[in-house]
Amino acid sequence: MQHRARAVAHSNIALAKYWGKRDVKINLPAVGSISLTLDGLHTATEVRFSESENDDRVWEGDRSADAAFTGRVSRFLDLIRQRAKTDQRASVRTTNNFPTGAGLASSASGFAALTLASCHALGLRLDRAELSALARQGSGSAARSIFGGFVEWRRGELPDGSDSHAVPIADRDHWDLRMAIAVTSEQKKAASSTAGMELTRQRSPYYSAWVERSENTLHAMRDAIAARDFTEVGELSEASALAMHAVMISCNLLYWNAATVALLHAVAEFRRGGLECYATIDAGPQVKVLCQPSDLSTLAGKLQDVPGVLRVLQAAPGPDARVESTP
Ligand code: PMV
């Protein structure tokens, strides 16, 4: 007998960043974080459990996934099999409509979709907080992609991680913000975020300052989102991203390329010229720029003209992760 399901989850970009783990094994963060789920970037994942398979098999689109990614998916499926009390192996096909592994949060949407599809396929009825805590163990930021709109992933206190899951703080209709995403490289990143986080925790002289400061950022960000204060949200997001990269750079972990730097200068220049927009950067060289809906097409055009920009994607607040069809 086969159990299968297909789920879609959207990528999210943190406005208050997560960087650093207090438990590497079960992905417990050193800091809470707040993100915006995006409607333009998503992963669709189909999972099929079967008694007749001996191994898990994973496809990324039409390509068979490499051993490292298959192993990561398989270890994550073990958590779900354990809960569902089954040892059935799975076929997983996952498709992104955007570049994978280059700092566009493909692991966030990917592990959120995988969590939802696998639990549904095996008949595990978990609430959204439980799904989020489970997705977290695949990739930290996946905890946030279970929800649409504005989302907070709580740091939590418990050693078992059951209180470290995301919660929705405002739905996508609360506030129509937009994001232009300047893609500067389609390559997979050199250092995984897990390796990068451990390096910064062990080596950066500024790591504890980063962790201490995050509580204030979270409070201020929650208030600014509730008040729909664009300037405050923008300034806080840019400051959070730059503080995170300062910590990374302090131990020679540099995810930027020349176009990343050119884009930071360009965004500051646009602001001086009256186009209000703010940059944020994750563990990769892409620059995501927050703006108001009426400025999106002008901004996207200007970003496209910055040297080194390959293309510009556009996104608005996105929906909850969802199961698409049950065969
Ligand atoms: O979910 P991970 O383990 O790939 O970590 C994501 C880390 C950042 O994207 C850099 C920040 C964040 O909060 O999403």
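The second largest pocket of this predicted model has a volume of about 190 Å³.

- The lining includes Ala129, Glu130, Ala133, Leu134 and Arg136.
- Gln137 is also one of the lining residues.
- Asp160, Gly161, Ser162 and His165 line the second largest pocket too.
- Ile26 and Arg83 are also among the residues that line it.
- Sorted by class, the lining has 4 nonpolar, 4 polar and 4 charged residues.

**The ligand and its surroundings**

- There are 14 residues around the ligand.
- Tyr18, Ser139, Ser141, Arg144 and Ser193 come nearest to the ligand.
- The shell holds 6 nonpolar, 5 polar and 3 charged residues.
- How far is a polar side-chain atom of Ser139 from an oxygen atom of the ligand, and what is that distance for Ser141? For Ser139 the distance is 3.0 Å, and for Ser141 it is 2.5 Å.
- Ser193 also reaches the ligand with its side chain: an N or O atom there is 2.7 Å from a ligand oxygen atom.

**The largest cavity**

- The largest cavity has a volume of about 60 Å³.
- Which helices each supply at least two residues of its lining? They are α6, residues 207-226, and α7, residues 230-249.
- The largest share of the lining, 4 residues, comes from α6.
- Trp210, Arg213, Ser214 and Thr217 are among the residues that line the largest cavity.
- Ser240 and Ala243 also belong to this lining.
- Ala16, Lys17 and Gly32 line the largest cavity as well.
- By class, the lining divides into 3 nonpolar, 4 polar and 2 charged residues.
- How is empty space found? Rolling a probe the size of a water molecule over the atoms shows where it is left.

- Where do Glu269 and Arg272 lie? Both are in helix α8, residues 258-272.
- Glu269 and Arg272 are 3 residues apart, about one turn of the helix.

Key
Residues numbered from 1 in each chain as written. Predicted model: local features only at pLDDT ≥ 70, side-chain atom pairs only at ≥ 80, totals over all residues. Heavy atoms only, no water. Near = heavy atom within 4 Å. Polar contact = N/O pair within 3.5 Å; in protein donor to acceptor, adjacent residues only side chain to side chain. Nonpolar A, V, L, I, M, F, W, Y, C, P; charged D, E, K, R; others polar. 1 Å grid on protein atoms, 1.4 Å probe; cavity = no way out; pocket = protein on both sides within 12 Å on 5 of 7 lines; lining within 4 Å. Points joined across faces, edges and corners; volume = space filled by probe spheres on them.
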